[in-house]
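Please read it with the model open.

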Amino acid sequence: MVDAYALADADEVAAVLAWLAEHPRVTEALGGPGRVSGEREAPWPHLRVAAGPGGDLGNLTWRTEPEVTLELYGDPGGWPGPAALSRILKVCAVAATELPVAPPTPGLPIISGVRPSGVLLESPLETGQPRWVMGLLITQHPNPEIP
């Protein structure tokens, strides 16, 4: 028997955040550890992982595909430049696509796919601080191994 209610308890943002915070390619691309969180904060560049505005919840019994947003912030002084920030965010997105190979967490849904939901967008803050944004669709389903 599959517990569809496990989908209600799923925290795809926490799963992606934890994965990217420990991913060696992300740490390298960002310039060191401690640069992935759920907040816009220094040190820069910094990746913020948050709930996205889209996705597909299906019928909430088997497969859902919620959206997670990746926001990459540069230094308020304007560095690194647009090309570097675009590349760093793509490294983070590619690293997130590796999440389905991670062992499933007991009691939580299985993440079976990660894919972009749209385009990579340069979206600086009103202050001029650089920011690049993209969405990822996280395909997940209840873990059939959980009674």
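1. Helix α3 (residues 24-30) gives the largest share of the lining of the largest cavity, 3 residues. Helices (H or I, at least four residues) and strands (E, at least two) are DSSP runs, numbered from the N terminus. This is a predicted model: local features need pLDDT of at least 70, side-chain atom pairs count only at pLDDT 80 or more, and totals for chains, interfaces and linings use all residues. Residues are numbered from 1 along each chain as its sequence is written, and side-chain values use heavy atoms, without hydrogens and water.

2. The structure holds 1 cavity of 30 Å³ or more. A cavity is a set of points, on a 1 Å grid over the protein atoms alone, where a 1.4 Å probe fits but cannot get out; lining residues have an atom within 4 Å of a point. Volume is the space filled by probe spheres set on the points, which are joined across faces, edges and corners. For the largest cavity, this is about 30 Å³.

3. The lining consists of A21, V26, T27, L30, G32, P33, G34, R35 and V36. By class, 5 are nonpolar, 3 polar and 1 charged. Here Ala, Val, Leu, Ile, Met, Phe, Trp, Tyr, Cys and Pro count as nonpolar, Asp, Glu, Lys and Arg as charged, and the others, Gly among them, as polar.

4. Turn to strand β3 (residues 65-73): 9 of its 9 residues are buried (under 20% relative accessible area, 1.4 Å probe, protein chains only). Both faces are covered. One side carries E65, E67, T69, E71 and Y73; the other has P66, V68, L70 and L72.

5. β3 pairs (at least two DSSP bridges) with strand β2 (residues 46-56) in the antiparallel sense, over 8 bridges. L47 stands opposite L72 in β3. Strand β6 (residues 131-141) also pairs with β3 in the antiparallel sense, over 7 bridges. There, Y73 stands opposite R131.

Methods: Buried means under 20% relative accessible area, exposed over 50%, partly exposed in between (1.4 Å probe, protein chains only). On a 1 Å grid over the protein atoms alone, a cavity is a set of points where a 1.4 Å probe fits but cannot get out, and a pocket is an open set with protein on both sides within 12 Å along at least five of seven lines; lining residues have an atom within 4 Å of a point.
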